Amino acid sequence: MEAMREGSTGSVPVGLTGAGPAVRHATGGAGSQPRVVAVGGEDFDRLCRWILPRVESVLNGMVLMKSPEHLQLLADKTVAVCRQAGLNLDSDTWAALLQHLQAELVGYGPIDPLLEDDTITEVMVNGPNEVYIERGGKITRADVRFRDDDHVIRVIQRIVQPLGRRIDRTHPMVDARLPDGSRVNAIIPPCAIDGPSITIRKFGKKKFTAEDLVRLQSLTPEMVEFLKACVDARLNIVVSGGTGSGKTTLLNVLSSFIPNDERIVTIEDSAELRLHQTHVVRLEAVPGEEDGTGRVTIRDLVRNALRMRPDRIVVGECRGGEALDMLQAMNTGHDGSLTTIHANSPRDAVARLETLVLMAGMDLPVRAIRQQIASAVDLIVQQARLRDGSRKVVQVTEVQGMEGDTVIMQDVFVFHELGIGEDGKVIGVMKGTGIRPKFTSKLEAAGHKLGAEIFQAEYRYGVQPEPMAGPKSNGNGNGRH
Ligand SMILES: Nc1ncnc2c1ncn2[C@@H]1O[C@H](COP(=O)(O)OP(=O)(O)O)[C@@H](O)[C@H]1O
Ligand SMILES: [Mg+2]
């Protein structure tokens with residue numbers, strides 16, 4: 001930041017030659033006296049368009065990072081370009097111009113401020129004129145736009161170039177990550193019909209703890225106690241949910257319950273998990289080249305992990321043939337494994353697992369696959385993003401086994417949505433079903449004797465409108481009954 005301020009005092013000669021943009025003279029009149037100019041509105045946009053290629057050309061292809069040295073360099077080069085053009089900007093205009101150039105050449109263009117804003121969790125660019133953001137679980141339109149398709153593509157290039165990847169008409173899709181770990185997908189014409197599209201899932205700097213999730217009313221303290229016991233007792237757990245429902249966040253919390261003396265191997269597409277245990281080996285898939293060279297899949301990593309003497313395998317998400325290897329591992333002594341899957345209910349999660357196993361290319365009869373799932377998976381935790389943007393565990397379901405061709409499941413905790421309050425927040429009840437899971441003996445063997453109250457506790461979330469008469473309702477929205 002200091003660099004910017006220093007730059008802003010750099011004095012730039014006055015007077016604009018024909019090469020420059022039209023500027024409104026804020027101070028001083030015509031004549032040969034040096035004068036400082038302020039540039040605003042459309043003229044400022046013109047100034048930006050005019051100066052960007054010139055600064056780029058003096059930078060001579062150098063890729064700038066957000067370091068003080070590079071920011072200073074950018075300020076110096078910009079001063080030089082202004083000086084050469086005989087342009088002396090007032091300090092406000094200068095600061096705005098430098099900010100624009102930093103966003104374009106050091107950051108990610110118009111979306112740079114959105115990426116810097118920690119309260120924003122997702123940034124979605126649908127062509128140059130539409131940018132949406134997610135904040136507090138709510139999606140809204142952001143007040144920024146790109147000049148045109150090329151401008152969006154420029155930003156995509158800035159993201160992928162440092163990673164040695166490319167995007168163009170013959171490679172119109174790319175997955176990448178920002179230096180801070182945020183996940184990026186970009187897709188451009190001809191695949192993206194309405195213009196280049198960027199989707200950025202920001203890497204939450206904040207790591208949620210179990211206590212945070214309770215405070216956010218995503219689950220109850222009793223559910224935490226139950227899940228803690230399940231992880232400690234080495235049950236195999238699948239977190240199920242839609243995109244952005246909080247699966248990875250919950251997986252991270254569940255992983256935090258793994259005892260510190262166990263050897264954990266984590267496997268992810270892009271490393272998001274942050275475990276506090278000391279004995280952790282983190283593995284990450286590699287996309288590789290278009291033709292497959294250099295590609296390392298999640299499945300390759302799961303297979304490799306089995307040879308690494310893991311006590312626990314934590315797989316970020318099962319979305320392919322690795323599901324089969326996971327199930328086999330779970331069934332052959334590598335219990336206590338954790339993973340997530342994209343599904344809308346526990347029942348759907350089982351169906352999805354079936355599909356994924358079929359994708360593994362083994363010619364197994366469906367019933368045999370189902371059998372494997374039923375015996376491997378102990379618990380499915382269903383996570384959801386509700387209408388008000390909040391995330392909740394909406395079902396904790398035991399997988400009990402098979403009856404005929406059907407996988408038998410039993411809910412242990414459920415969330416019932418009752419409506420929407422005047423404040424726009426979902427009203428609902430989160431409660432234990434009162435039914436003890438069949439694996440209770442496993443929990444007890446591991447030293448976890450859970451009282452009946454764990455399975456019966458009931459919480460009401462959200463504020464219901466005050467009734468006209470009668471007993472006062474519990475106003476804190478988090479009452480235990
Ligand atoms: N329980 C929660 N309450 C509020 N926000 C949450 C919760 N869980 C996750 N989030 C936020 O939701 C977003 C998506 O979470 P993530 O765990 O990455 O979802 P998924 O893995 O299902 O795609 C992140 O920004 C995360 O910080
Ligand atoms: Mg995830």
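**Note on the predicted model**

1. R234 sits in the loop that connects α8 (221-232) with β7 (237-241). Helices (H or I, at least four residues) and strands (E, at least two) are DSSP runs, numbered from the N terminus. The phi angle of R234 is near 65°, which is positive although the residue is not glycine. R234 counts as buried because it has 20 C-beta neighbours inside 10 Å. The classes are as follows: a residue is buried if 20 or more other C-beta atoms lie within 10 Å of its own, exposed if 12 or fewer, and partly exposed in between, with C-beta atoms placed from the backbone.

2. This is a predicted model, in which local features need pLDDT of at least 70 and side-chain atom pairs count only at pLDDT 80 or more, while totals for chains, interfaces and linings use all residues. Residues are numbered from 1 along each chain as its sequence is written, and chains are lettered from A and ligands numbered from 1 in the order in which they are written.

3. R309 also deserves attention, for its phi is near 50°, a positive value in a residue other than glycine. R309 belongs to the loop between α10 (298-305) and β10 (312-315). Is R309 buried or exposed? R309 counts as exposed, because it has 8 C-beta neighbours inside 10 Å.

4. The peptide bond that joins P189 and P190 is cis, with omega about 10°. P190 lies in the loop between β5 (183-187) and β6 (197-201).

5. Ligand 1 is surrounded by 14 residues, of which S218, G246, K247, T248 and T249 are the closest; a residue is counted if its C-beta atom, placed from the backbone, lies within 6 Å of the molecule. Which helix gives the most to this shell? Helix α9 (residues 247-255) does, with three residues. The shell consists of two nonpolar, ten polar and two charged residues. In this scheme Ala, Val, Leu, Ile, Met, Phe, Trp, Tyr, Cys and Pro count as nonpolar, Asp, Glu, Lys and Arg as charged, and the others, Gly among them, as polar.

6. Helix α9 is mostly covered, since nine of its nine residues are buried. Among the buried residues are K247, T248 and T249. The elements that cover the buried residues of α9 include α7 (210-215), α8, β7, β10, β11 (338-342) and β12 (379-385); two residues are in contact if their C-beta atoms, placed from the backbone, lie within 7 Å.

7. Helix α11 (residues 322-331) packs against helix α12 (residues 346-359) at an angle of about 110°, and their axes are 7 Å apart. Therefore α11 is roughly perpendicular to α12, a label given to angles of 65 to 115 degrees. Axes are lines fitted to C-alpha atoms over the stretch in contact, and angles run from 0 to 180 degrees between N-to-C directions. On the α11 side A323, L324 and L327 take part, and they meet L353, L356 and V357 of α12. The residues of this contact are six nonpolar, no polar and no charged.

8. The largest nonpolar core has 68 residues, and C230, I237 and I267 touch the most other members. Such a core is a set of buried Ala, Val, Leu, Ile, Met, Phe, Trp, Tyr and Cys residues joined through C-beta atoms within 7 Å. A second, separate core of 22 residues includes V131, V155, I159 and V174.

Technical notes. Parallel < 35°, antiparallel > 145°, perpendicular 65-115°, else oblique.
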